[in-house]
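Biologist: I am new to this structure. Please show it, and then I will ask about its parts.

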Amino acid sequence: MSSSPSTSGSQQQPPIILYHYPFSPYAKRIVWYLHLRGIPYTQCLQPMILPRPDLSSLLGIKYRRIPLLSIGRDVYLDTRLILSKLEDLDLPSLNPKLSAAPGTDALALQSLLSHYSIDGGLFSRAAQLLFSLDNPLLRDPQFLADRAEFVAGGGNAPPNKFSREEMAALGPEALADLRDYCQMLETTVLADGRDWILKNTDTDNNKPGLADIEAVFVLHWVMSLPGALPKEQFNDDKFPRVWKWVERFRVAVGETTPTQQTAAQKGDGNSKVATVKGDKARDLILGAGWNEDSEKKEVEAGEAIVQFHGLKKGTLVELWPTDSGSAPAHRDVGRLVSLDSREVVIENEKGVRVHAPRHGFRVKPSSQAVASSL
């Protein structure tokens with residue numbers, strides 16, 4: 001592993017670069033957070049489908065999901081880890097952190113909303129509604145083949161199994177689940193007339209928090225897709241508190257006028273955010289120091305995965321998500337830097353340290369290392 005000096009303790013803030021494409025609902029989670037906190041960053045826009053040579057060729061990152069966030073030579077995968085890092089790290093910002101306080105019921109609600117939206121299947125249900133829409137992407141064989149490979153994970157299902165007709169047939173069930181979600185918010189969390197999930201109208205800092213990002217991102221996405229939600233089932237008469245909450249959120253993140261909406265579609269909607277090409281982003285990243293001094297962290301011997309595989313610092317490992325985008329071609333390989341109950345860090349051949357959450361990701365000795373030991 002390389003020994004480039006860490007920026008820890010340095011006055012110079014390593015560059016923050018967001019790799020994303022504008023229509024990604026997951027990328028919106030990070031864009032909104034950075035906007036609400038007033039954290040300065042640069043963006044490197046990516047195509048909706050593979051290949052993405054800015055990542056695979058220039059940074060040696062095979063992970064195929066969007067977004068990714070780099071802070072110096074540390075690159076963070078998965079929005080749940082990215083958001084937690086943005087909360088934990090001491091970064092220059094204009095506004096306070098957004099998470100609920102540790103050890104509180106509010107933090108429990110925030111976490112439950114995150115699990116409901118992602119692990120609980122709400123987002124997957126919302127995605128099924130796309131196949132009932134008259135969207136040119138759904139007639140594009142390249143897009144369909146890309147998403148078929150993405151969903152199949154290991155590549156065991158051929159692209160023609162990703163049938164528009166079969167997915168569209170799931171639409172009525174998806175609508176029922178989304179209606180249940182709106183009903184839950186309407187009659188429980190928002191029932192007392194509060195402006196935000198964790199903040200009532202009489203609080204001093206009346207702005208959305210991380211709990212709002214967790215709760216709103218799926219609804220925000222499907223509500224922006226014309227025809228996705230039947231108006232007779234989803235409207236401001238049936239769910240007035242939910243509709244007003246979503247609109248307040250759109251105002252808070254600057255998505256209220258046609259001009260702002262167009263800007264958001266082209267990038268992040270913030271004219272102050274610089275956009276760089278992939279080679280410039282690479283130079284900024286590889287020319288920076290580490291954001292975290294991961295060398296001081298350990299590969300914790302008590303972790304079951306460490307004991308099972310006999311992992312240690314420096315072991316050549318493979319790292320990939322377990323739910324989607326997990327085909328062998330998208331598994332990152334690198335030397336193990338650290339591993340604990342929350343996070344795994346590897347360093348790849350380009351000298352980039354890739355951080356992934358333990359939840360939803362798998363790590364094991366690389367097949368290259370296994371082959372060399374035979």
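Biologist: How many bridges join strand E6 to strand E7?

Modeller: This is a predicted model. In it, E6 covers residues 316–321 and E7 covers residues 332–339. One of the pairs is Glu318 with Val333 in E7. The two strands run antiparallel, and the number of bridges that join them is 4.

Biologist: Which strands are the edge strands of the sheet?

Modeller: The sheet is open, its pairing is mixed, and its order is E5-E2-E1-E3-E4-E9-E8-E7-E6-E10. An edge strand pairs on one side only, and that holds for strand E5 (274–275) and strand E10 (361–365). The edge strands are therefore E5 and E10.

Biologist: Which helix gives the largest share of the lining of the second largest pocket?

Modeller: That pocket holds about 460 Å³ of space. Its lining has 20 residues, and those closest to the centre are Arg80, Leu81, Ser84, Ser114 and Glu214. Helix H3 (79–88), helix H4 (105–117) and helix H9 (210–223) each supply at least two lining residues. The largest share, 6 residues, comes from H3.

Biologist: How many residues in the lining of the second largest pocket are charged?

Modeller: Arg80 and Glu214 are among the residues closest to the centre of the pocket. By class, the lining has 5 nonpolar residues and 7 polar ones, and the number of charged residues is 8.

Biologist: What percentage of the residues in the protein chain is buried?

Modeller: Buried here means under 20% relative accessible area. The chain has 374 residues, and the buried part of them is 50%.

Key: Residues numbered from 1 in each chain as written. Predicted model: local features only at pLDDT ≥ 70, side-chain atom pairs only at ≥ 80, totals over all residues. Heavy atoms only, no water. Buried < 20%, exposed > 50% of the residue type's maximum accessible area, 1.4 Å probe, protein only. 1 Å grid on protein atoms, 1.4 Å probe; cavity = no way out; pocket = protein on both sides within 12 Å on 5 of 7 lines; lining within 4 Å. Points joined across faces, edges and corners; volume = space filled by probe spheres on them. Nonpolar A, V, L, I, M, F, W, Y, C, P; charged D, E, K, R; others polar.
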